[in-house]
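Try each one yourself before reading the solution.

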Amino acid sequence: MNEALHDHYAQLADTYDETWAHRPEYLDWMHDRIRRGLRARPGEWIADIGGGTGLFARRLLPYATERRPLLCVDPSAAMLARLPRDHRLRPVAATAEQIAAHGVPLPCDTFDAVLVKEAVHHFTALEETLTGLAGRLADRGRILVVTLPPKLGYPLFPRALDRFAAAQPEPARVAAALRGAGLAVTTGTEEFRVFVERDHWLHLVAHRWMSVLSTFSDAELRDGLREIAEQHPGPVLEFTDRFAFVLGVAGTT
């Protein structure tokens, strides 16, 4: 994680969970899709790569035990500090690259299930890292990558949308990397309709809730907020959130 991104998440950590307060139904919806895709079972070794504050890791705790805790992996110590205190949940301060390269000590050599939720755009070497993570799967182990497409339908200012698209890998590239690592891969797309109060949305953008927003100066962000306000004068914003789900399974090819 580069220094600017590290600072972004350190500053965001204390309020990160609050940014989702307007969408509790989304968290339930996404967890249901993750649960069905990951097919985790009690007592398996599970890792949430880029798990942050554990928004989804904590929803997977019924599958974890004290002897086989769920590993919430994130390079941001500030984000990990927000994890709930539970013996079934173990924070791991590391990058995905370090996990892929066996660069940090872990209580297990292989994983039965790995979740990568909206984190692949932070991988410094996408194919290499996904190949390394695939290599850490046990027989019949699963890796589920949930990612946004490069082209978003969010009510953001054009420069933010363009900058996001430039840095976001295509889901097809993720799928190809996992196939290249020898996994059996299936892909799908899910949509979630979002309704959010305009003032709350502007608040989220102003506080740089998406990492791409941390790449803009204060003045640029103010200009962007003005553009959003002019383009969306109504009290409620409505848009579609689209997610690609890429599932790789080991030992089936």
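Before the exercises, one definition: two strands pair if DSSP finds at least two bridges between them. Please also keep in mind that this is a predicted model.

**Exercise 1. Find the strands that pair with S2 and say in which sense they run.**

Step 1: Take strand S1, residues 46-49. Three bridges join S1 to S2, and the two run parallel. As a landmark, look for Asp48, which stands opposite Cys72 of S2.

Step 2: Move on to strand S3, residues 89-93. S2 and S3 are linked by five bridges, again in the parallel sense. Here Asp74 has Ala93 of S3 as its bridge partner.

Step 3: Check both pairs against the cut-off of at least two bridges. S1 and S2 have three, while S2 and S3 have five.

**Exercise 2. Decide whether the faces of S2 are covered or open.**

Step 1: In a regular strand, side chains alternate between the two faces of the sheet.

Step 2: Sort the residues of S2 by side. Leu70, Cys72 and Asp74 lie on one side, with Leu71 and Val73 on the other.

Step 3: Each of these residues is buried, and both faces are covered. Strand S2, residues 70-74, thus has five of its five residues buried.

**Exercise 3. Work out whether Leu204 is buried or exposed.**

Step 1: Locate Leu204 in helix H8, residues 198-206.

Step 2: Apply the cut-off: buried means under 20% relative accessible area. Leu204 has 3% relative accessibility, so it counts as buried.

**Exercise 4. List what the buried residues of helix H5 pack against.**

Step 1: Within H5, residues 126-134, pick out the buried positions: Leu126, Thr129, Leu130, Gly132, Leu133 and Ala134.

**Exercise 5. Describe the chain as a whole, and say where to read it with care.**

Step 1: Count the elements: there are nine helices and seven strands. The radius of gyration is 18 Å, close to the 18 Å that the globule rule gives for 253 residues, so the chain is as compact as a globular protein of that length.

Step 2: Look at the interior. Buried residues make up 52% of the 253 residues.

Step 3: Turn to confidence. The mean pLDDT is 91, and 91% of the residues reach 70 or more. Over residues 4-10, however, the pLDDT is below 50, although this stretch has 15 contacts beyond near neighbours in sequence in the model. Where pLDDT is low, the predicted coordinates should not be read in detail.

Conventions
Residues are numbered from 1 along each chain as its sequence is written. This is a predicted model: local features need pLDDT of at least 70, side-chain atom pairs count only at pLDDT 80 or more; totals for chains, interfaces and linings use all residues. Side-chain values use heavy atoms; hydrogens and water are left out. Buried means under 20% relative accessible area, exposed over 50%, partly exposed in between (1.4 Å probe, protein chains only). Helices (H or I, at least four residues) and strands (E, at least two) are DSSP runs, numbered from the N terminus. pLDDT is the predictor's confidence in each residue, from 0 to 100. Contact means heavy atoms within 4.5 Å. The radius of gyration is taken over C-alpha atoms; the globule rule is 2.2 Å times the number of residues to the power 0.38.
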